[in-house]
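Dear colleague,

I am handing over the structure below. My notes on the chain follow it.

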Amino acid sequence: MKLSDAKHAFITGGASGIGLGIADAFSQRGIAVTIADIDRPALAAVMASRTGRWGSQPLDTRDREAWGRSKQEAERAFGPVDILVNNAGIAPDGRELADAKPDSFDRIIAINLVGVFNGIRTFAADMRGRGRGHIVNTSSMAGLVSGSSGVGAYAAAKFGVVGMSETLRSELAPHGVGVSVLCPGLVTTNLPKTTLKVGGELRDGAGEMPPSDVTTADVARVVMQGIEENLPYLISHPQHWPGVERRLLALRDAFSLR
């Protein structure tokens, strides 16, 4: 989809981090932006600091009824949504799967995977009917290769987002709607604080993310290019290719077994 043709973008997790970086990039291109987030003070802070066509919606992506209300209010302000970015998510809890707490596992899946489905369910049919639009679903590098201890539920959700995005892409392509899945590595954001706000747990109680050379603006540039070129996979951290390649090579070798 040509960004010059887009009029309105809806971004979850849009009040901070990668979501806000993407929202800023859209706004700079003259696209009206609705940011949705569970953090009301963060939404208010963004709205107070931005000029132009910005709207905000308090939204817990697990709440399907709230999705419908947010869509209605956002489109009343700026018209139909042309670009949906399902970006909201929380961090892994650091527990090995054998020790996982069911409520923590369920929370991670509900926000990181089911929340993405809820966004698709809310907007995709309208895009299909209009024959235009683009959906970006945020997964993670942990959705392409995993094996690290303590990220089992997170990896399950993020692998799920990749598979769901691939299927959605094939379903919507005949109708002129693009789909991309974003798989970033480490970006310094306030994800730990957001995770704690929704009752989540963190590995060793860590409240801060380590520094990263890749910024939210860097990720946003990858997203802008991906939408313009309708790329299936959006990769902001190419340094992780060797790990992904090892997984793919192991799969190739498995197909040769007799």
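**Sheet and overall form**

Seven strands make up an open sheet with parallel pairing, ordered β3-β2-β1-β4-β5-β6-β7. The edges are held by β3 (54-58) and β7 (233-234), each with a single partner strand, so one side of each has no neighbour in the sheet. Strand β6 (residues 178-182) runs parallel to β7 and is joined to β7 by two bridges; Leu 182 has Leu 234 in β7 as its bridge partner. Pairing requires at least two DSSP bridges between two strands.

This is a predicted model: local features need pLDDT of at least 70 and side-chain atom pairs pLDDT 80 or more, while totals for chains, interfaces and linings use all residues. Residues are numbered from 1 along each chain as its sequence is written, and side-chain values use heavy atoms, without hydrogens and water.

The chain has eight helices and seven strands (DSSP runs numbered from the N terminus: H or I of at least four residues, E of at least two). The radius of gyration is 18 Å, which agrees with the value near 18 Å for a compact globule of 258 residues (C-alpha atoms; the rule is 2.2 Å times the number of residues to the power 0.38). The C-alpha atoms fill a box of roughly 55 × 40 × 35 Å along the principal axes.

Of the 258 residues, 48% are buried (under 20% relative accessible area, 1.4 Å probe, protein chains only). Among contacts (heavy atoms within 4.5 Å) between residues at least 6 apart in sequence, 70% join residues at least 24 apart.

Regards

Key:
Buried < 20%, exposed > 50% of the residue type's maximum accessible area, 1.4 Å probe, protein only.
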